[in-house]
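Hello,

Here is the structure I promised to pass on. My notes follow below it.

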Amino acid sequence: MYYFEVSLSWFTSPELIVELKKMGILTVATINRNRLRGCTLKSDKELSKAGRGAYEVKYEKTSGMSIVKWYDNKAVLLASSFIGPEHVERCRRWSKEKKEYVEVDRPHIVKVYNHNMGGVDLADMFAALYRIDIRPRRWYLRILYYLIDLSLVNGWLLYRCHLTQKQEKKYMPLLDFRVKVADALIKVGKQADLISRKRGRPSLEDDPTSHQAAPPPPPLQRISAPSVDVRLDRCDHFPIHAEKRGRCRLCKNGYTQMACLKCKVLLCFTKDKNCFLEYHMTK
Ligand SMILES: [Zn+2]
Ligand SMILES: [Zn+2]
């Protein structure tokens with residue numbers, strides 16, 4: 001089975017491409033001109049003289065690697081271990097001088113690269129949107145944070161892949177997705193009082209040796225619903241009496257003062273209706 005890899009130019013070298021091919025991974029990537037290892041190609045000037053769409057291909061038989069230099073608005077250098085030099089197609093480009101679309105020659109490798117490059121570029125862009133902004137003293141922690149950011153982006157993209165066309169119109173934004181994941185990681189399977197416990201030194205009121213009455217439950221501040229994972233984790237979902245009556249989170253037409261300690265939402269619990277149970281049992 002062959003895998004297919006597109007990488008950013010600062011990682012690409014002919015040695016890497018050859019090594020990856022040995023492992024069964026095929027590559028198409030941009031490559032820096034100082035890593036061509038003696039492979040000589042026409043200069044940018046020569047290509048620009050030949051006009052837009054001019055290109056030059058060098059092919060190395062033993063490794064099956066090709067290097068393509070293509071001149072569009074500027075010169076682009078691409079290397080690949082699976083796309084040969086033979087394919088050239090025409091593509092439509094906007095010409096600034098002529099102010100119209102013109103047909104330009106384009107080696108097939110450029111098309112393959114552009115088609116797949118979007119993924120690498122996009123993932124990087126998404127990861128940059130809400131980066132974990134911690135500056136640790138230990139440098140390698142940054143790599144860990146980057147991997148967490150990237151995993152979150154990949155998770156979000158997978159979530160979007162699984163949406164139906166109708167759902168896709170109202171997909172969850174990346175920021176909300178991150179908040180949900182964080183929320184679930186903090187709360188799933190954890191005790192409710194541990195979550196709401198204050199940081200720092202315990203105050204007198206929290207002192208377990210003082211025999212005061214338990215403090216009243218905190219007011220329901222939560223606006224959004226808890227994530228499904230938290231809701232169904234069957235840990236510490238105890239009923240509490242809320243300060244104010246309000247609409248039930250589940251059935252929407254019942255008014256109740258009964259709430260869940262962990263989820264912080266109002267839920268009915270009457271003779272005919274047990275929204276509390278249903279909310280914590282069904283997906
Ligand atoms: Zn209800
Ligand atoms: Zn609950």
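The protein chain has nine helices and nine strands (DSSP runs, H or I of at least four residues for helices and E of at least two for strands, numbered from the N terminus). This is a predicted model, in which local features need pLDDT of at least 70, side-chain atom pairs count only at pLDDT 80 or more, and totals for chains, interfaces and linings use all residues. Residues are numbered from 1 along each chain as its sequence is written, chains are lettered from A and ligands numbered from 1 in the order written, and side-chain values use heavy atoms, without hydrogens or water.

Overall: of the 283 residues, 35% count as buried (under 20% relative accessible area, 1.4 Å probe, protein chains only).

Now the metal site. H237 (ND1), C260 (SG), C263 (SG) and H280 (NE2) coordinate the zinc ion (ligand 2) at 2.0 to 2.2 Å (donors are N, O and S atoms within 2.8 Å of the metal, or 3.2 Å for Na, K and Ca; water is not among the atoms, so sites may look incomplete). The donor angles run from 101 to 115 degrees, so the arrangement is tetrahedral (four donors, all angles between 85 and 135 degrees). The donor spacing in sequence is H-x22-C-x2-C-x16-H. C260 sits in strand β9 (residues 255-260) and H280 in helix α9 (residues 275-281), so this pair ties together parts 20 residues apart in sequence. Both C260 and H280 are buried.

Best wishes

Key:
Buried means under 20% relative accessible area, exposed over 50%, partly exposed in between (1.4 Å probe, protein chains only). Four donors count as tetrahedral if all angles lie between 85 and 135 degrees; four count as square planar and six as octahedral if opposite donors are over 155 degrees apart and all others between 65 and 115; anything else is irregular.
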